[in-house]
Amino acid sequence: MNHKSIEELGFYQVVNQMQAHTRSEEGRDCLLELSFLTEQALLSKRQEEIAGLITLLGSSLGGSLLSFPSIKASLALLGDPVKALEGPDLVGIAHYIASSEILQSFCNQALDDGSSFEPLKELMGRSFDENLRRIGRHILDVLDESGQVKESHPALRQLRKEVEARKNERSRFCSQFIHTNREVVQSDQEALRDGRLVIPVRSDRRSNVQGFITSSSATGNTVFMEPYPLVEMNNSVVMAQNQILIEIAKILKQLNDEVRSWRKELSDLAFRVGQTDARLAIAEWAREKQCSRTDLEITHCTLIKARHPLLGKKVVPITMQLDSDIRAVVISGPNAGGKTVTIKTVGLFALLNQFCGYIPAQEGSALPVFDDIYTDIGDEQSIEAELSTFSGHMKQIAYVLSNMTGRSLVILDELGSGTDPVEGSAIARATLEYCLQKAALTLVTSHHGVLKQFAYAKKEVINASMEFNENSHLPTFRIIQGLPGESHALDTARLMKLPRDVLAKAEQYLGSEAVQIGTIIKDLEAKRRDLERQETAMHKRYLALQSEVKALQLKELRIKQREAQLKREQSTELARFMQTKRKELENLVAELRTGEVTKDKTKQVKTYLEGLSEKLAQQEEQLQQFEDEIEFLKPEEAQQLEVGMDVLCGSAKREGKILEKKGRNSFVVAIGTMRMTLPSSQLSLPKRVDQKVSVLFQSSAPEPKLVLDVRGLILEEALHLLDQQIESALVHGMSTFSIIHGYGDGILSKGIGSYLKKHRSVQDYRFALPEDGGMGKTYVML
């Protein structure tokens with residue numbers, strides 16, 4: 001990728017964010033060396049690797065990963081046969097091997113779970129090198145955390161005992177010498193000088209001791225001497241200690257030789273760790289920034305609520321969705337309105353897409369795979385190179401136009417600025433036309449009206465603008481596709497407190513034509529906002545209707561489930577009841593056939609009949625409860641039965657009249673001379689067919705209007721005109737018309753609605769379709 005474009009788009013700053021998540025020096029280096037991919041297959045593979053690591057970071061092993069000590073210098077020393085590693089360096093290698101083993105277990109977790117992240121196999125390998133594992137454990141068995149050979153090492157244990165024995169012999173000699181030569185010694189305690197024990201002797205009595213004087217006190221009253229026997233004892237201690245140092249050097253040399261023999265494997269391990277750690281850092285960054293995986297199958301720009309990762313909490317998400325036939329976008333709008341940030345976001349996301357396949361945007365976002373990205377952003381003025389602002393831009397644009405290909409992304413900020421507006425517009429248009437022929441996608445920011453008009457005329461070019469709040473006179477940083485934007489220079493100048501006389505003169509010099517174009521753009525923007533509000537209202541209404549439908553479906557399901565449950569229960573219970581009563585009846589018949597009819601037999605028959613009656617009453621009660629449940633679940637409009645109503649009864653639809661209400665959902669109904677108690681489910685209202693009466697009359701009512709406009713009237717005046725309109729429509733045989741009452745405060749809308757609802761000649765009324773006025777217009781059906 002073009003190095004200048006990478007710097008201008010802030011990609012290295014994003015890489016710094018990623019490097020904060022690395023655990024190894026190799027990972028940090030690898031992030032900087034990781035290449036941009038221009039082939040979809042390779043990019044898909046890297047995307048799959050990062051996707052697998054993102055999944056694993058949420059697993060139980062996600063928090064077990066360790067950092068890696070730096071071993072780059074140690075690996076370089078291993079290549080020199082003369083030099084050797086110190087103990088701390090060897091411990092660092094052991095910890096590096098242990099951390100690598102944990103990292104591999106972390107990567108292999110996806111494979112062990114049967115996941116489909118096969119590319120993770122190539123990062124750390126399926127199995128860990130057993131020789132490296134053995135070396136790491138051996139180092140930690142021999143050395144402690146500070147890099148010193150452990151006290152418990154078998155080769156040093158006997159030598160340390162020898163040193164202690166020599167030290168004890170030396171101490172005994174010193175104690176005995178001081179005890180037997182009290183008139184000579186200055187103190188009853190020996191002293192330690194440079195690792196050797198010495199006897200403090202009075203200076204005036206030093207001739208009484210045969211030995212060497214090693215030093216004296218500051219006052220000169222005391223000399224420190226080694227008697228000849230003590231000299232030999234000190235030497236023996238030093239020699240025993242040197243023997244330990246020699247053994248330690250042997251141990252460290254053995255460890256060095258062992259590690260050096262596997263230097264190549266260590267270097268390969270460090271390479272795999274760097275590759276894996278770099279991708280793991282990208283995965284953690286993607287989780288932190290709530291990135292989504294781009295769809296590599298989509299070949300056109302689709303950014304949904306994209307958030308620039310360097311802007312932090314103040315970022316305003318942008319959305320840019322281009323059709324596949326769009327090859328250029330002209331972005332216009334106010335200064336400091338976000339034009340440059342927008343094109344930088346698109347360019348940066350194109351780099352991120354081809355770096356890792358993840359961008360901070362919502363799911364469904366996608367970008368084409370470009371072979372290179374060329375930019376001209378910022379001021380290229382250079383005193384040393386004798387370049388003006390315009391010259392600097394032209395030099396960079398010349399480079400871009402000479403090197404771009406049919407797969408390149410071109411980003412040009414403030415194209416044609418810094419020179420005469422007329423000439424700058426001509427150059428800008430010619431440059432954009434050339435880019436349309438040679439580049440895959442071109443993003444341009446400009447204030448030139450020529451480019452806006454050019455974008456309208458070309459179907460493969462689209463206008464886009466940065467939204468501007470007309471009330472606060474501040475930009476909102478939102479992108480509006482399909483509309484050119486105004487520079488709002490006068491609004492900005494007014495906000496900056498320029499004198500009114502200056503602003504008035506500026507408007508005068510601007511000319512009526514420019515003002516008229518600005519007004520048209522503002523009207524288009526107002527209509528766009530109005531359509532957005534209507535779309536939002538329609539969507540809310542759609543969601544509410546969906547909720548109502550689901551509620552009705554749920555009620556219906558409950559009724560069916562309750563009905564099925566009752567049928568099952570009743571079927572089982574009735575089967576048992578019938579079987580029992582059948583046996584009782586058979587026994588009663590047998591008894592009645594034999595012998596005389598006695599009181600006991602009569603009592604048994606009555607008991608049997610009472611049992612049947614009781615069961616019948618129980619079944620009727622259950623049926624009534626079930627009907628009550630169904631009636632409760634029915635819509636309220638279905639429960640309209642009242643005393644005195646004429647109704648149709650039962651499946652035969654016999655005519656009857658409700659006399660009184662009995663129970664919650666039962667009524668006493670008169671059917672001819674009979675009085676019956678029926679549930680509401682068996683009652684229905686008869687459908688009355690109104691007799692049509694033809695009446696011939698004449699009226700002087702004026703011709704009705706197809707559209708009655710009552711905007712600006714008070715409610716009383718509007719209702720008067722509406723009454724005349726309905727009368728005229730009935731006289732002239734017009735069955736439908738519409739009323740425009742507007743939105744306003746809702747007084748006209750509510751008042752007209754109440755009037756139409758009560759009017760006997762109005763069959764139905766409803767609000768107009770969104771494209772025909774929505775809630776500001778009402779259709780009336782007579």
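A crossing of two helices is called left-handed if the near helix is turned anticlockwise from the far one by less than a right angle, and right-handed if it is turned clockwise. The structure described here is a predicted model, in which local features need a pLDDT of at least 70 and side-chain atom pairs count only at pLDDT 80 or more, while totals for chains, interfaces and linings use all residues. Residues are numbered from 1 along each chain as its sequence is written, and side-chain values use heavy atoms, with hydrogens and water left out.

The chain holds 21 helices and 23 strands, these being DSSP runs numbered from the N terminus (H or I and at least four residues for helices, E and at least two for strands). Of its 782 residues, 40% count as buried, where buried means under 20% relative accessible area, exposed over 50%, and partly exposed in between (1.4 Å probe, protein chains only). The chain exposes about 44,900 Å², of which carbon and sulfur atoms supply 52%; accessible areas come from the Shrake-Rupley method with a 1.4 Å probe, and for residues only the protein chains shown count as cover. Among contacts in the chain with a separation of 6 or more, 66% are accounted for by residues 24 or more positions apart, a contact being heavy atoms within 4.5 Å.

Two packed helices are described by the angle between their axes and the distance between the axes. Axes are lines fitted to C-alpha atoms, for helices over the stretch in contact, and angles run from 0 to 180 degrees between N-to-C directions. Angles under 35 degrees count as roughly parallel, over 145 as roughly antiparallel, 65 to 115 as roughly perpendicular and the rest as oblique. For residue classes, Ala, Val, Leu, Ile, Met, Phe, Trp, Tyr, Cys and Pro count as nonpolar, Asp, Glu, Lys and Arg as charged, and the others, Gly among them, as polar.

The axes of helix H14 (residues 421-438) and helix H15 (residues 449-457) come within 8 Å and cross at roughly 35 degrees, and H14 passes H15 in a right-handed crossing. On the H14 side the contact is made by Ser-425, Ala-428, Arg-429, Leu-432, Glu-433 and Leu-436, and on the H15 side by Val-450, Leu-451 and Phe-454; these residues divide into six nonpolar, one polar and two charged.

Helix H8 (residues 130-142) and helix H10 (residues 228-260) have axes that come within 11 Å and cross at roughly 165 degrees, which makes H8 roughly antiparallel to H10. The crossing of H8 with H10 is left-handed, and the contact draws on Arg-134, Ile-135, His-138, Ile-139 and Val-142 of H8 together with Ile-251, Leu-255, Glu-258 and Val-259 of H10. By class, this contact comprises six nonpolar, one polar and two charged residues.

Helix H4 (residues 40-57) packs with helix H11 (residues 263-288) at an angle of about 65 degrees, with the axes 9 Å apart, and H4 is therefore roughly perpendicular to H11. H4 passes H11 in a right-handed crossing. The H4 residues in contact are Arg-46, Glu-49, Ile-50, Leu-53, Ile-54 and Leu-57, and those of H11 are Thr-276, Arg-279, Leu-280, Ile-282, Ala-283, Glu-284, Ala-286 and Arg-287, with eight nonpolar, one polar and five charged residues in the contact.

Individual residues were also examined. Ser-74 is found in helix H5 (residues 72-78) and counts as buried because its relative accessibility is 6%. Leaving aside neighbours within four places in sequence, Ser-74 is in contact with Leu-85, Asp-89 and Ile-93, and its C-alpha atom is separated by 8.3 Å from that of Leu-90, 16 residues apart along the chain. Val-710, in the loop between strand E20 (707-709) and helix H20 (715-731), is buried at 1% relative accessibility. Not counting residues up to four places away in sequence, Val-710 touches Ala-718, Ile-739, Ile-740, His-741, Leu-748 and Ile-752; the C-alpha atoms of Val-710 and Ile-740, 30 residues apart along the chain, are separated by 6.2 Å.

Most residues other than glycine have a negative phi. Asp-194, in the loop between strand E1 (191-193) and strand E2 (196-202), has a positive phi near 55 degrees and is exposed, with a relative accessible area of 83%. Lys-305, placed in strand E6 (residues 302-306), has a positive phi near 50 degrees and counts as partly exposed at 44% relative accessibility.
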